[in-house]
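Please walk through this structure with the sequence and the model side by side. The paragraphs below take up its paired charges, then its pockets, and then a patch on its surface.

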Amino acid sequence: SEERMLEYHITLFGKNERLLLVRDCTKMQRLERMRQDFVANVSHELRTPLTVLAGYLETFSDYADELPPRWQRGLALMSQQSARMEHLVTELLTLSRLETSEFKAEATPIDMGPLLATIRTDALALSGHKHNIVLNVDEQLQLRGSINELRSAFSNLVFNAVKYTPDGSTITLSWQLDNQGAQLSVQDNGPGIDNKHLRFLTQRFYRVDDSRSSQTGGTGLGLAIVKHVMLRHQGHLDISSCIGQGSCFTCHFPASLIYTPDFI
Ligand code: ADP
């Protein structure tokens with residue numbers, strides 16, 4: 001009764017010979033769906049108790065002055081860790097929604113200029129104004145898509161550039177035409193990433209340097225979210241990097257999602 005999922009591979013041999021390989025992926029797909037459902041349910045169930053804990057911790061923090069110093073430190077640590085867990089659960093839920101949605105992203109016109117300016121302001125606040133963030137935006141070039149998903153994807157890239165580059169680094173955010181449609185790139189002049197890591201970066205929970213990522217409050221889910229947002233916009237994420245010179249994360253969008261307001 002279940003619809004079967006088959007994968008075909010055809011290989012050419014010499015002039016007339018072909019090898020046809022058929023793989024039945026039904027079971028794999030069913031397991032993947034079970035994994036996605038499990039993650040979605042667990043994240044959802046964790047959310048309520050976490051909200052209660054965070055609420056009480058906040059109330060107790062108001063009276064922290066009345067506590068002995070050792071307890072104050074404990075309370076601060078509990079608040080910090082519960083915020084981290086809330087962030088993880090939110091990202092897990094975001095990712096599982098993106099993975100399981102059967103619909104393409106909505107295609108609402110988005111004013112890229114204001115969106116990128118807001119992300120820049122938030123990123124500067126995160127950096128404590130210690131990074132230079134340059135905006136290089138073609139104002140005539142607009143995108144159709146889901147503003148919430150795109151805001152989350154672009155913010156992830158810009159916040160990563162802040163988190164993983166030292167103070168004083170320059171981050172350039174460019175929105176421009178490319179030969180397929182248009183591209184949003186986030187370039188930094190930070191430490192860069194060894195190329196052997198690049199193809200794993202969009203996998204869930206993959207981190208180049210676990211200790212550094214934990215310090216920055218990372219979950220290892222950010223780039224997986226970006227990848228899925230791009231897939232839902234019929235686009236893709238390209239990553240290039242050079243040790244000692246910096247990294248560049250580019251979101252490519254197809255021409256079908258790009259328009260210039262003059263032509264409306
Ligand atoms: P995290 O939550 O750990 O930031 P991400 O999926 O967003 O997870 O990123 C995966 C890893 O890629 C990070 O842990 C970090 O090691 C690396 N990374 C991401 N952006 C940059 C960057 N701009 N410069 C250097 N390393 C980066």
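Asp24 is partly exposed, with a relative accessible area of 39%, where buried means under 20%, exposed over 50% and partly exposed in between, judged with a 1.4 Å probe and protein chains only. This is a predicted model, in which local features need pLDDT of at least 70 and side-chain atom pairs count only at pLDDT 80 or more, while totals for chains, interfaces and linings use all residues. Residues are numbered from 1 along each chain as its sequence is written, and side-chain values use heavy atoms, with hydrogens and water left out.

Side chains of opposite charge can pair when their charged atoms come close. A salt bridge is counted here when a side-chain nitrogen of Lys or Arg lies within 4 Å of a carboxyl oxygen of Asp or Glu, and by this rule the count comes to 7 salt bridges. One of them joins the side chains of Arg4 and Asp24, at 2.7 Å from N to O. Arg4 lies in the segment before strand E1 and Asp24 in strand E2, so the pair ties together parts that are 20 residues apart in sequence; helices (H or I, at least four residues) and strands (E, at least two) are DSSP runs, numbered from the N terminus. Arg4 itself is exposed, with a relative accessible area of 54%.

Another salt bridge links Arg204 with Glu99, and their closest N and O atoms are 2.8 Å apart. Because Arg204 lies in the loop between helix H5 (195-198) and H6, and Glu99 in helix H2, this pair ties together parts that are 105 residues apart in sequence. Arg204 is partly exposed at 35% relative accessible area, whereas Glu99, at 15%, counts as buried. A further salt bridge is formed by Lys196 and Asp194, with the closest N and O atoms 4.0 Å apart. Salt bridges that share partners also join Glu32, Arg35, Glu99 and Arg204 into one network.

A pocket is found on a 1 Å grid over the protein atoms alone, as an open set of points where a 1.4 Å probe fits, with protein on both sides within 12 Å along at least five of seven lines, and its lining residues have an atom within 4 Å of a point. The largest share of this lining, 5 residues, comes from helix H1. The lining of the second largest pocket divides into 1 nonpolar, 7 polar and 7 charged residues.

The largest pocket holds about 880 Å³ of space. Its lining has 37 residues, and those nearest its centre are Asn156, Asn160, Lys163, Tyr164 and Thr216. Helix H4 gives the most to the lining of the largest pocket, with 8 residues.

Strand E1 (6-13) and strand E2 (17-24) each supply at least two residues of the patch, and E1 gives the most, with 4 residues. Ile10 lies in strand E1 and is exposed, with a relative accessible area of 60%.

Conventions. Grid points are joined across faces, edges and corners, and a volume is the space filled by probe spheres set on the points. Ala, Val, Leu, Ile, Met, Phe, Trp, Tyr, Cys and Pro count as nonpolar, Asp, Glu, Lys and Arg as charged, and the others, Gly among them, as polar.
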